[in-house]
Amino acid sequence: MRVFSQRLSQQGLIVVVVFVSLSLLVAFAPVPVDALAGTPTTREITVEGRMFDFSPNVIRVNKGDHVVIDFAAMDVVHGLYVDGYGIETEAEPGVPTRVEFVADKAGKFRYRCSVSCGAMHPFMIGELIVGPNTPFWRAVGLTLLAAVGALVFTATNRTEAAR
Ligand SMILES: [Cu+2]
């Protein structure tokens, strides 16, 4: 009886170790950037500028996406300049402008107001995040692993108990 319970826990332990290792691999392994990037699509985003922020102030796209930004100034004249991409546009209140570009560089890029619009103007910034959606795919992988791990663990214990 003692031998039986020892074998049971040993097998269970091995299963746990294997799946914990796999989970760590899925969570932290570096992945080739292009492997998980979705099919490039057109992303049309309306950005509103007002003293002294942008709405939205975070824009997420995937590398390769065709980005279309409709920029509207809500109070006074504002500009939109994207660091790293060198994209710039200006809008007067009531006269939205449009800029288009292909997000061909991955990373985080600040966008800022390029028209001096008041005391807090230097703080009128947002962030463009260009990248594949790896956190999403890692989460999917971890969920699948957890499900399979639970099944295998249950099955192992059943087989052992049946012997
Ligand atoms: Cu401004």
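From the N terminus on, the elements of this chain run α-α-β-β-β-β-β-β-β-β-β-α, a total of three helices and nine strands. Helices (H or I, at least four residues) and strands (E, at least two) are DSSP runs, numbered from the N terminus. The model is a predicted one, in which local features need pLDDT of at least 70 and side-chain atom pairs count only at pLDDT 80 or more, while totals for chains, interfaces and linings use all residues. Residues are numbered from 1 along each chain as its sequence is written.

Five of the strands form an open sheet with mixed pairing, in the order β3-β9-β8-β5-β6; two strands count as paired if DSSP finds at least two bridges between them. The edges are taken by β3 (58-61) and β6 (87-91), each of which has a single partner strand, so one side of each is left without a neighbour in the sheet. From one strand to the next the twist averages 15°, the axes being lines fitted to C-alpha atoms and the angles running from 0 to 180 degrees between N-to-C directions. Within this sheet, β8 (residues 107-112) and β9 (residues 125-130) pair in the antiparallel sense over six bridges. Lys108 stands opposite Ile129 in β9.

The interior may be considered next. Of the 163 residues of the chain, 13% count as buried, that is, with 20 or more other C-beta atoms, placed from the backbone, within 10 Å of their own. In soluble globular proteins, nonpolar side chains tend to be buried together. A nonpolar core is here a set of buried Ala, Val, Leu, Ile, Met, Phe, Trp, Tyr and Cys residues joined through C-beta atoms within 7 Å. The largest such core has 16 residues, of which Val47, Ile69, Phe71, Leu80, Tyr111 and Leu128 touch the most other members. At least two residues of this core come from each of β4 (66-73), β5 (78-82) and β9, and β4 gives the most, with four.

Across the chain, residues 24 or more positions apart account for 73% of the contacts with a separation of 6 or more.

Two peptide bonds deserve attention. Most peptide bonds are trans. A cis bond, however, joins Met51 and Phe52, with omega about 0°; Phe52 is placed in the loop between β1 (42-50) and β2 (53-55). The bond from Ser55 to Pro56 is also cis, with omega near 0°, and Pro56 lies in the loop between β2 and β3.

Technical notes: Buried ≥ 20, exposed ≤ 12 C-beta atoms within 10 Å, placed from the backbone. Contact = placed C-beta atoms within 7 Å.
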